[in-house]
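This report describes one protein chain, from its overall layout down to single residues. Keep the sequence and the structure in view while reading.

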Amino acid sequence: MASSDLEQLCSYINEKIGNVKRMLSLRNCGQEPTLKTMLDKIGDEIIVVNELLNKLESEIQYQEQTNHSLKELCESLEEDYEDVEHLKENIPPHLPQITVSQNLANVSDLDPEEPAPTKKPPKEQRSIKEMPFITSDEFNGIPAYMKSRLTYCQINDVVKEINKAVVSKYKILHQPKKSMSSLARNLYHRFIDEETKDTKGQYFIVEADIKEFTALKADKRFHVILNILRHCRRLSEIRGGGLTRYVIT
């Protein structure tokens, strides 16, 4: 056996002997009344420290959960902010726009001695009834089976096109016959032929008007949206003569 190995073995044995001596010394100390009292106090302090460590561990776990929840909240707020920015940049075109009317002349620029010029009253224009857009509350109240995957904007886009067809139709009906083109005159006669006693005083269109004045297709999706508009009381139907008339309500 090499001398270095022997020295390591002796050192290991001496360490074990020292540990045994310390254990015997501590056991003997435990038999002395004064030292036993001190050891009991140390034991009580160790129990208190252990309880404090348990509370500290619980507090650390609570803080970790709170930190995790705050991270999730922060991520959710970031997503909401991105959604708001997207909505801000993509405002639906059918929403009403606020316009500010401007006066043609400033009253302060007029000579007080000169009488104000009398304006010729504008020719009264006949108003055309249009369909109001669906509100967000109404959209949320539409049954899921009815609207399927249709979005709020898609429904109101159809409302916008229907209004376009209604306005185009009734502008022709309100137009003097002498100023009509041949195409407008043909449409005028068709409009008159489609009227019935039930449509008197009503504003309505038929599928032919949708094809004539809009780019919409009278397909399955279109009729699903018409069903939604009926549900929201935006239109009703009058049938007869092989035609379905969509009346603006």
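## A buried asparagine

A residue counts as buried when its relative accessible area is under 20%. Asn-163 has a relative accessibility of 5%, so Asn-163 counts as buried. This residue is found in helix H5. Setting aside neighbours within four places in sequence, Asn-163 is in contact with Glu-130 and Met-131. The model discussed here is predicted.

## Overall layout

The protein chain contains 8 helices and 3 strands. Read along the sequence, these elements follow the pattern α-α-α-α-α-α-β-α-α-β-β.

How much of the protein chain is buried? Of its 249 residues, 22% count as buried. The accessible surface of the chain is about 19,900 Å², and 55% of that surface belongs to carbon and sulfur atoms. Consider also the contacts between residues at least 6 apart in sequence: 63% of them join residues at least 24 apart.

## The nonpolar core

In soluble globular proteins, nonpolar side chains tend to be buried together. In this model, the largest nonpolar core has 39 residues. The members that touch the most other members are Ile-155, Ile-162, Ile-172 and Leu-229. Which elements give two or more residues to this core? They are H5, H6, S1, helix H7 (207-213), helix H8 (220-231), strand S2 (235-240) and strand S3 (243-248). H5 gives the most, with 10 residues.

Leaving aside neighbours within four places in sequence, Ile-162 is in contact with Met-131, Ile-205, Ile-210, Leu-226, Leu-229 and Ile-248.

Strands of a sheet pair through backbone hydrogen bonds, either parallel or antiparallel. Here, an open sheet of 3 strands has the order S1-S3-S2, with antiparallel pairing. S1 and S2 are the edge strands, and each of them pairs on one side only. Is S3 largely enclosed or largely open? Of the 6 residues of S3, 5 are buried, so this strand is largely enclosed by the rest of the structure.

S2 and S3 run antiparallel and are joined by 6 bridges. Leu-235 has Ile-248 in S3 as its bridge partner, and Gly-240 has Leu-243 in S3. The hairpin of S2 and S3 has 2 residues between the strands, and Gly-241 there takes a positive phi near 65°. S1 and S3 also pair in the antiparallel sense, over 2 bridges. The bridge partner of Ile-205 in S3 is Tyr-246.

## Aromatic pairs

A pair of aromatic rings is described by the distance of the centres and the angle of the planes. A search of the whole structure finds 3 aromatic pairs. One of them is formed by Phe-139 and Tyr-152: the pair is edge-to-face, with 5.9 Å from centre to centre and 80° between the planes. This pair links distant parts of the chain, with Phe-139 in helix H3 (residues 136-141) and Tyr-152 in helix H5 (residues 152-174), 13 residues apart. Phe-139 is buried, with a relative accessible area of 14%, whereas Tyr-152 counts as partly exposed at 23% relative accessibility.

Another pair is made by Tyr-170 and Tyr-203. Their ring centres are 4.6 Å apart and their planes are at 55°, so this pair is tilted. Tyr-170 lies in helix H5, while Tyr-203 lies in the loop between helix H6 (182-194) and strand S1 (204-205), so the pair ties together parts that are 33 residues apart in sequence. Both Tyr-170 and Tyr-203 are buried.

## Lysines over rings

Which lysine lies over the face of Phe-139? Lys-147 does, at 4.1 Å from the ring centre. Phe-139 is also the ring that pairs edge-to-face with Tyr-152. In another part of the chain, Lys-169 lies over the face of Phe-204, at 3.6 Å from the ring centre.

Key. Residues numbered from 1 in each chain as written. Predicted model: local features only at pLDDT ≥ 70, side-chain atom pairs only at ≥ 80, totals over all residues. Heavy atoms only, no water. Phe/Tyr/Trp six-rings, centres within 6.5 Å; stacked < 30°, edge-to-face > 60°. Helix = DSSP H or I, 4+ residues; strand = E, 2+ residues; numbered from the N terminus. Buried < 20%, exposed > 50% of the residue type's maximum accessible area, 1.4 Å probe, protein only. Lys NZ or Arg CZ within 6 Å of the ring centre and 35° of its normal. Core = buried A, V, L, I, M, F, W, Y, C linked by side-chain atoms within 4.5 Å. Contact = heavy atoms within 4.5 Å. Areas by Shrake-Rupley, 256 points an atom, 1.4 Å probe, with all protein chains shown as cover. Pairing = 2+ DSSP bridges.
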